[in-house]
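Please look through the sequence and the model below. The report that follows starts with a single residue and then widens to the rest of the chain.

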Amino acid sequence: GGHVAVSVAFDPGERDFRRLIERIEGENVSALYVPGSVADLERLAEQLDFYDFRRRILGHGAWTHEKVLDPGNLALEGAVLAVEAADHPGSDFMLDLRQRVQRSAHQELSRFHVDGYRAMASLLGALDQGCVRGAEIAEMLRLRRSWERPPGGERIHLLTYRDGVLGSAVWATGFDLSPEA
């Protein structure tokens with residue numbers, strides 16, 4: 001039901017977002033979708049707070065990184081993030097994987113473990129669906145987003161950030177995406 005009111009872009013590695021923040025503040029927008037790397041979002045999040053930005057942030061898993069989410073950053077209040085289970089530290093997938101890695105490898109969970117597990121789960125899923133030749137497996141892996149049941153790390157969670165806490169969108173009292181009146 002929404003529409004794109006304005007589209008702006010930043011250069012990777014940009015350090016000063018004031019010009020972009022002011023441009024968005026001057027538009028009639030109720031939410032802002034911001035993709036980016038953890039490093040870019042870390043710098044942006046600090047400036048959103050500094051310049052008192054008060055539009056809803058929409059984003060992906062990089063926003064959940066500990067370097068980006070700051071409980072004192074009021075600009076992130078009400079942010080809505082669509083993240084894969086592999087990017088949500090509280091998902092059943094991550095909790096189970098963390099426990100398995102600690103038990104079997106006696107290590108803390110790292111991105112290496114997560115990515116390796118996801119790759120193998122996708123490969124095993126393709127094999128379970130009857131793929132045996134290289135071309136079949138490659139095609140199934142390419143199409144894995146359309147699988148009836150995606151690998152656990154790829155299941156999407158809708159999260160929101162309220163009162164300095166990241167949680168399920170349904171957890172937030174009165175959660176909705178309608179513009180504020």
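## A buried glutamine

Gln47 counts as buried because its relative accessibility is 14%; buried means under 20% relative accessible area, exposed over 50%, and partly exposed in between, with a 1.4 Å probe and protein chains only. Gln47 lies in helix H2. Leaving aside residues up to four places away in sequence, Gln47 touches Arg15, Asp16, Phe17, Arg18 and Ile21, where contact means heavy atoms within 4.5 Å.

## Basis of the model

This is a predicted model, in which local features need pLDDT of at least 70 and side-chain atom pairs count only at pLDDT 80 or more, while totals for chains, interfaces and linings use all residues. Residues are numbered from 1 along each chain as its sequence is written, and side-chain values use heavy atoms, with hydrogens and water left out.

## Overall make-up

The protein has 5 helices and 5 strands. Helices (H or I, at least four residues) and strands (E, at least two) are DSSP runs, numbered from the N terminus. The order of the elements from the N terminus on is α-β-α-β-β-α-α-α-β-β.

Of the 181 residues of the protein, 35% count as buried. Among contacts between residues at least 6 apart in sequence, 52% join residues at least 24 apart.

## Helix H1 and the segment before it

Leu20, Ile21 and Ile24 are the buried residues of H1. They cover an arc of only 100 degrees around the axis, which puts them on the same side of H1; the arc is that of the directions from the helix axis to the C-beta atoms. E1 and H2 are among the elements that cover these buried residues.

Val6 is located in the segment before H1. With a relative accessible area of 21%, Val6 is partly exposed. Val6 touches Arg23, Glu27 and Val29, not counting residues up to four places away in sequence. Between Val6 and Asn28 there are 22 residues in sequence and 8.8 Å in space, C-alpha to C-alpha.

## The largest pocket

Which residues are the closest to the centre of the largest pocket? The pocket has a volume of about 660 Å³, and of the 25 residues that line it, the closest to its centre are Val6, Val29, Ala31, Leu32 and Tyr33. On a 1 Å grid over the protein atoms alone, a pocket is an open set of points where a 1.4 Å probe fits, with protein on both sides within 12 Å along at least five of seven lines; lining residues have an atom within 4 Å of a point. Grid points are joined across faces, edges and corners, and the volume is the space filled by probe spheres set on the points.

Helix H1 (18-25), strand E1 (31-33) and helix H2 (38-50) each supply at least two lining residues. By class, the lining has 20 nonpolar, 5 polar and no charged residues. Ala, Val, Leu, Ile, Met, Phe, Trp, Tyr, Cys and Pro count as nonpolar, Asp, Glu, Lys and Arg as charged, and the others, Gly among them, as polar.

## Helix H3

Phe93, Met94, Leu97 and Val101 are buried in H3. They cover an arc of only 90 degrees around the axis, which puts them on the same side of H3. The buried residues of H3 pack against helix H4 (111-128), while Asp92 and Arg103 are exposed on the other side of H3. Just after H3, His106 has a positive phi of about 55 degrees.

## A glycine between two strands

Gly164 lies in the loop between strand E4 (156-162) and strand E5 (165-168). Gly164 and Asp70 are 94 residues apart in sequence and 7.1 Å apart in space, C-alpha to C-alpha.
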